[in-house]
Amino acid sequence: MSSDRDLREVLDAYAAGELSLDDTIERISGLRIAKVGELARIDLGREVRCGIPEVVLAEGKDTQDLVEIMLRHTGAAGRCLATRVSAAQATAVEEAAVKAGFSFRHEERARTLVLSKGGAPEKHTGVVAVLTAGTADIRVAEEARVVAEEMGCTVKTAYDVGAAGVHRLFPALQDLAGAHVYVVAAGREGTLPAVVAGLVDKPVIGVPVSTGYGYMGAGEAALASMLQSCSVLTVVNIDAGFVAGAHAAQIAALTRHA
């Protein structure tokens with residue numbers, strides 16, 4: 001949901017007498033918080049302040065805690081996205097969502113869950129391209145895709161187009177023409193983001209992936225390679241698909257004001 005639409009809804013509610021002046025000021029300031037008992041404080045104003053919705057990191061959370069947080073978040077905001085979700089967590093949340101009457105979408109490869117009261121995210125004109133060097137990098141790329149889509153972007157993908165067979169990249173880039181920003185996920189030596197950044201005239205976000213083995217394995221060599229790139233690109237942390245997708249969506253969303 002865009003911050004512009006949020007603001008219009010708040011002002012309409014104030015004009016109709018549905019909100020007090022103090023409540024209106026609080027919501028406009030982007031400081032709304034929904035408490036889940038003593039367990040969590042959901043930042044409902046984050047999208048207004050930052051353009052990025054509150055997203056729940058499922059990894060490390062107790063399953064029942066995750067269920068309570070996601071149900072409360074969906075009830076208050078209309079939608080809830082969770083990342084790094086295990087299969088057991090997904091099953092528990094799905095059961096609770098069905099009982100609550102919420103729609104449910106679990107993308108196993110992306111390890112994401114989306115609960116909603118119905119409908120899809122409001123689309124804008126921004127287009128994000130997501131590429132991977134190999135198929136082992138797709139899990140991270142898919143997380144970036146889901147996040148960008150939840151933030152209103154159209155997402156185009158091209159997977160398994162890495163530098164080991166670089167001829168695969170060129171037709172893929174033709175298919176991705178028109179993208180406003182590129183997210184490129186690569187493990188091992190992490191070459192692909194620098195190659196893409198040398199070929200396109202839009203921002204490139206490199207995502208090191210924890211594939212590879214031996215010396216500087218688990219994404220460390222990919223991270224170092226991307227940081228040392230002589231092409232101009234932005235680099236996020238290892239396996240940080242959420243960060244890459246959210247940052248790409250922020251860039252793509254600028255097309256609304258172009």
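A crossover is right-handed if, with the strands pointing away from the viewer, the path from the first strand over the helix to the second runs clockwise. The legends below describe close-up views of a predicted model.

**View 1. A β-α-β unit built from β7, α6 and β8.** The unit made by β7, helix α6 (residues 138–150) and β8 is right-handed. Strand β7 covers residues 127–132 and strand β8 covers residues 154–158. The two strands run parallel and are joined by 5 bridges.

**View 2. The open sheet β8-β7-β9-β10-β11.** This sheet has 5 strands, and their pairing is parallel. The edges are taken by β8 and β11 (234–235); each has a single partner strand, so one side of each is left without a neighbour in the sheet. Helix α9 (residues 220–227) packs on the sheet and touches β9, β10 and β11. The direction of α9 makes about 155° with that of β10.

**View 3. The pairing of β9 with β10.** Strand β9 consists of residues 181–186, and strand β10 of residues 204–208. They pair in the parallel sense, with 5 bridges between them. For A186, the bridge partner in β10 is P208.

**View 4. The open sheet β3-β4-β6-β5.** This sheet contains 4 strands, and the pairing is mixed. At its edges stand β3 (55–57) and β5 (103–107); each has a single partner strand, so one side of each has no neighbour in the sheet. On average, neighbouring strands of this sheet are turned by 20° against each other, direction ignored. Strand β4 (residues 79–83) pairs with β3 in the parallel sense over 3 bridges. Within β4, L81 is the residue that V55 stands opposite.

**View 5. Helix α4 against helix α5.** Two packed helices are described by the angle between their axes and the distance between the axes. Here the axes of α4 (residues 63–77) and α5 (residues 87–100) come within 9 Å and cross at roughly 40°. That angle makes α4 oblique to α5, and the crossing is right-handed. From α4, the contact is made by T63, L66, V67, M70 and L71. From α5, A88, Q89, A92, V93, A96, A97 and A100 take part. By class, this contact has 10 nonpolar and 2 polar residues, and no charged residues.

**View 6. Helix α6 against helix α10.** Helix α6, shown in View 1 as part of the β-α-β unit, also meets α10 (residues 241–253). Their axes come within 7 Å and cross at roughly 40°. The crossing of α6 past α10 is right-handed. On the α6 side of the contact are V140, E143, A144, V147 and A148. They meet G241, F242, G245, A246 and A249 in α10. The residues of this contact divide into 7 nonpolar, 2 polar and 1 charged.

Methods:
Residues numbered from 1 in each chain as written. Predicted model: local features only at pLDDT ≥ 70, side-chain atom pairs only at ≥ 80, totals over all residues. Heavy atoms only, no water. Axes fitted to C-alpha atoms, helices over the stretch in contact; angles between N-to-C directions. Parallel < 35°, antiparallel > 145°, perpendicular 65-115°, else oblique. Left-handed = near helix turned anticlockwise from the far one by under 90°. Contact = heavy atoms within 4.5 Å. Nonpolar A, V, L, I, M, F, W, Y, C, P; charged D, E, K, R; others polar. Pairing = 2+ DSSP bridges.
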